[in-house]
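Reader: I have a model open and want to go through a few spots in it. Can you take my questions as they come?

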Amino acid sequence: MVHFRMPMATAPVGPGATIGRFPVYEKVLDQLISNDFDFLIGGGHAYNLYTKLDRPSRDFDIFVREEDCPEALALMERIGLETELSFPHWLGKAKRDDVTVDFIYGSGNGIAPVDEDWFRHAVEGELWGRRVRFCPVEELIWSKSFIMERERYDGAEIAHLFHSCAETLDWPRLAARFGEQWPVLLSHLVLFHFIYPFDRNKMPLAITQFMLKRFRSQLVEPAPERRICNGTLLSRAQYLIDIEEWGYLDARLEPSGRMKPDDVAHWTEAMRKEGIID
């Protein structure tokens, strides 16, 4: 049986916590830009761009195509950072001391691979005096919507992104991104109405009505033939019991998902090393 452990509390991160790291981050940007490397800025920096907030960030998230990640890591080694392909199905890292740069080309659950649409719909902007491109807000919402861990839940960020961008979002494209996982998008729409009753008109009525119509239709459809648990798409830890003891199929695995058994095993073993599960 899997036993959970909550991570130890850490000190709050204030604006000053990231100031000392800017020179390394700037060096990373300069290296990528000078080598004409194609990349996108994501994470807290993209979140701040769209919400107009100033949330400090512990690390630096750079989104790349999967086939480009080895080159990105090689460029980091040239400027003295240590690199590793932390999780071959979605993530590489470059580090120096307590500074971490994540090179992301997918998501831990295999749902959100970085494809050409990320670059096609990227938003140009400025970071530390340099012209860069940021992840599209639709992809930011899509990839964050599935993060529902005990130790991390990105629902508030989704609500804030909706609050800031709902009236300009490309809703058809966003809905298409979710595909068969559309109930996850619906759940965030419902939560937005609960969180911001005064601002619920920010959300296009048509998209909510469309999603609710799909949900009502699903209620009367026959149950799927395969006994599958989609919970593993939301949390890498909390639904392991369903897979390991209750006999459900793991939605992350092919043919339902994009991951292979080795990917799942590596991802799960990392939780043991992190102390999240026994």
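Reader: Asparagine 48 to start with: buried or exposed?
Author: Asparagine 48 is buried, with a relative accessible area of 13%. Buried means under 20% relative accessible area, exposed means over 50%, and partly exposed is in between, with a 1.4 Å probe and protein chains only. This is a predicted model, where local features need pLDDT of at least 70 and side-chain atom pairs count only at pLDDT 80 or more, while totals for chains, interfaces and linings use all residues. Residues are numbered from 1 along each chain as its sequence is written, and side-chain values use heavy atoms, with hydrogens and water left out.

Reader: Where is the place of asparagine 48?
Author: In helix H3. Helices (H or I, at least four residues) and strands (E, at least two) are DSSP runs, numbered from the N terminus.

Reader: And what is asparagine 48 in contact with, leaving aside neighbours within four places in sequence?
Author: Leu53, Asp54 and Arg55. Contact means heavy atoms within 4.5 Å.

Reader: How many residues of H3 are buried?
Author: Eight of the nine residues in H3 (residues 43–51) are buried, so the helix is mostly covered. The buried ones are Gly43, Gly44, His45, Ala46, Tyr47, Asn48, Tyr50 and Thr51. Just after H3, lysine 52 takes a positive phi of about 65°.

Reader: What covers the buried residues of H3?
Author: The cover includes strands E1 (40–41), E2 (60–63), E6 (123–127) and E7 (130–134), along with H6 and helix H7 (155–165).

Reader: At what angle do H3 and H7 pack?
Author: About 35°, with their axes 9 Å apart. Axes are lines fitted to C-alpha atoms, for helices over the stretch in contact, and angles run from 0 to 180 degrees between N-to-C directions. Tyr47, Tyr50 and Thr51 of H3 make the contact with Glu157, His160, Leu161, Ser164 and Cys165 of H7. The residues of this contact divide into four nonpolar, three polar and one charged. Here Ala, Val, Leu, Ile, Met, Phe, Trp, Tyr, Cys and Pro count as nonpolar, Asp, Glu, Lys and Arg as charged, and the others, Gly among them, as polar.

Reader: What about H6 and H8, at what angle do they cross?
Author: The axes of H6 (residues 137–144) and H8 (residues 171–178) cross at roughly 30° and come within 10 Å. That makes H6 roughly parallel to H8; angles under 35 degrees count as roughly parallel, over 145 as roughly antiparallel, 65 to 115 as roughly perpendicular and the rest as oblique.

Reader: Which residues meet there?
Author: Glu138, Glu139, Ile141 and Trp142 in H6 meet Arg173, Leu174, Arg177 and Phe178 in H8. That contact divides into four nonpolar, no polar and four charged residues.

Reader: Changing topic: how many aromatic pairs does the structure hold?
Author: Eleven. Rings of Phe, Tyr and Trp (its six-membered ring) pair if their centres lie within 6.5 Å; planes under 30 degrees apart count as stacked, over 60 as edge-to-face and the rest as tilted. Phenylalanine 63 and tryptophan 118 form a stacked pair, 5.3 Å centre to centre with 20° between the planes. The pair links distant parts of the chain, with phenylalanine 63 in strand E2 and tryptophan 118 in helix H5 (residues 116–120), 55 residues apart.

Reader: Are phenylalanine 63 and tryptophan 118 buried or exposed?
Author: Phenylalanine 63 is buried at a relative accessible area of 7%, and tryptophan 118 counts as buried at 0%.

Reader: Which residues form an aromatic cluster?
Author: Phe162, Trp171, Phe192 and Tyr196 form one.
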